[in-house]
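Please look through the model below before reading on.

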Amino acid sequence: MHGLLGLGLLLLGFLVSSPALLEAQAHSPFSSVTPDDRPVVLITGSTDGLGRELALELGTWGAHVIVHGRNEERGQEVVDAIEADGRGSARLFLADFGELAQVSALAQEIRAHYDRLDVLVNNAGVGPGSPGHERVLTQDGYELRFQVNYLAGYLLTRELLPLLERGVPSRIVNVTSRNQQTLDFADLDMDEGYQGGAAYGRSKLAQILFTMDLAEELEGTGVAAFAVHPAPAMDTEMVRQTGSTPQSSVEQGLASVLQVATEAGLESGQYFHELEEREAHEQAYDPEARRLLRERSDERIDRALNR
Ligand SMILES: NC(=O)c1ccc[n+]([C@@H]2O[C@H](COP(=O)([O-])OP(=O)(O)OC[C@H]3O[C@@H](n4cnc5c(N)ncnc54)[C@H](OP(=O)(O)O)[C@@H]3O)[C@@H](O)[C@H]2O)c1
């Protein structure tokens, strides 16, 4: 058996207390299955921070984790830890999301290695950066946060939809933020008035518009899409770079993402603020904004990939 319900039941144990989690794991429906039957979970940006913790946790639940990042040494360390634990299995794929050709190549490699995907977690991201830092453009010429946090995940998800459709019931989880700022379609790369926090907030709202689109488009297919703000200012590299004091632990964010990735009974298209379903920024419910974002995203991808 593979599928989300079993993982969801284990999640309930996790949320109650960790002895309960251990108990649940002892009865995991995945502990006795062959690797081919494991739920397959891809977590982008799982070489550090929240993604890394999620990879290690789902490994202990018996999942096969596709670990992704840019740093081979840190990625291999995550894979080795999952393999050494023995309950799950893992494999590392490298790609820099600052270059869309690498994102497309990653999707191609994953399609070559796997015939289905149960959960895709779009987690890789660049934070607001240190105060006063300069605007950065990617290899493709787009504003860094817009591309790494949103556009790369858009492309990866679109290119992996056939695998997710073969994994139904399957899920796409976009790890977003409570920092959501209105997208300006006349200046998506923030040529004017660049500010790291605003660029970050726009990219995080773009992920939510995409989630709403996916939910509508995939209705009835068994592939569900969610967006989640994990926790405020977790103690990760992203937050440390801003120079601010962390306000929450990675474990807190982990519980939020685990819930949307695995718990049964959720409705596709929901936005979660930590463990609670909430309304997202109003632009997420504007069909014209979503249409524009889709159009601009496809144009940018076609240009970068010479299509
Ligand atoms: N930290 C918070 O308080 C907070 C709050 C709300 C939402 N979030 C969201 O949670 C997610 C994880 O954040 P985190 O705090 O865990 O950050 P983190 O510790 O800085 O980890 C970010 C991950 O993304 C990867 N990444 C960064 N740039 C990349 C690129 N160009 N190409 C490919 N991978 C790249 C990093 O890889 P490298 O190791 O190679 O850099 C790393 O694995 C993000 O989407 C973030 O927006 C975080």
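Leaving out residues up to four places away in sequence, Tyr154 touches Phe210 and Ser297; two residues are in contact if their C-beta atoms, placed from the backbone, lie within 7 Å. Tyr154 and Phe210 are 56 residues apart in sequence, and their C-alpha atoms are 7.4 Å apart in space. Tyr154 belongs to helix H6, where helices (H or I, at least four residues) and strands (E, at least two) are DSSP runs, numbered from the N terminus. Tyr154 counts as buried because it has 26 C-beta neighbours inside 10 Å. The classes used here are buried for 20 or more other C-beta atoms within 10 Å of the residue's own, exposed for 12 or fewer, and partly exposed in between, with C-beta atoms placed from the backbone.

Two conventions apply throughout. Residues are numbered from 1 along each chain as its sequence is written. The model is predicted, local features need pLDDT of at least 70, and side-chain atom pairs count only at pLDDT 80 or more, while totals for chains, interfaces and linings use all residues.

The chain has ten helices and eight strands. Of its 307 residues, 47% count as buried. Among contacts between residues at least 6 apart in sequence, 72% join residues at least 24 apart.

Leu205 gives another case of such a contact. Leu205 is placed in helix H7, residues 196-217, and is classed as buried because 26 C-beta neighbours lie inside 10 Å. Its C-alpha atom is separated by 4.8 Å from that of Gln180, which is 25 residues away along the chain. Apart from neighbours within four places in sequence, Leu205 is in contact with Gln180, Gln181, Leu183, His281, Gln283 and Ala284.

What should H7 span at 1.5 Å a residue? The 22 residues of H7 should span 32 Å, and the end C-alpha atoms are 32 Å apart, which agrees. The expected span is 1.5 Å times one less than the number of residues in the helix. H7 is mostly covered, with 17 of its 22 residues buried. The same check can be made on helix H9 (residues 250-262), whose 13 residues should span 18 Å and whose end C-alpha atoms are 18 Å apart, which agrees. The buried residues of H9 are Gly253, Leu254, Ser256, Val257, Leu258, Gln259, Val260, Ala261 and Thr262.

Next come the strands. Strand S6 (residues 223-229) is mostly covered, since seven of its seven residues are buried. Val223, Ala225, Ala227 and His229 point one way from S6, while Ala224, Phe226 and Val228 point the other way, and all are buried. S5 and S6 run parallel and are joined by six bridges; two strands pair if DSSP finds at least two bridges between them.

The peptide bond from Val168 to Pro169 is cis, with omega near 0°, and Pro169 lies in the loop between helix H6 (144-166) and strand S5 (170-175). Met190, in the loop between S5 and H7, has phi near 55°, a positive value in a residue other than glycine. Is Met190 buried, exposed or partly exposed? Met190 counts as partly exposed because it has 17 C-beta neighbours inside 10 Å. Asn306 also has a positive phi, of about 50°, although it is not a glycine. Asn306 lies in the segment after helix H10 (287-304) and is exposed, with 6 other C-beta atoms within 10 Å.

The ligand remains. It is surrounded by 28 residues, and the closest are Gly45, Gly49, Phe97, Gly125 and Thr236; a residue is near a molecule if its C-beta atom, placed from the backbone, lies within 6 Å of it. Helix H3 (49-60) and helix H8 (237-242) each supply at least two residues of this shell. The shell divides into eleven nonpolar, twelve polar and five charged residues. In that division Ala, Val, Leu, Ile, Met, Phe, Trp, Tyr, Cys and Pro count as nonpolar, Asp, Glu, Lys and Arg as charged, and the others, Gly among them, as polar.
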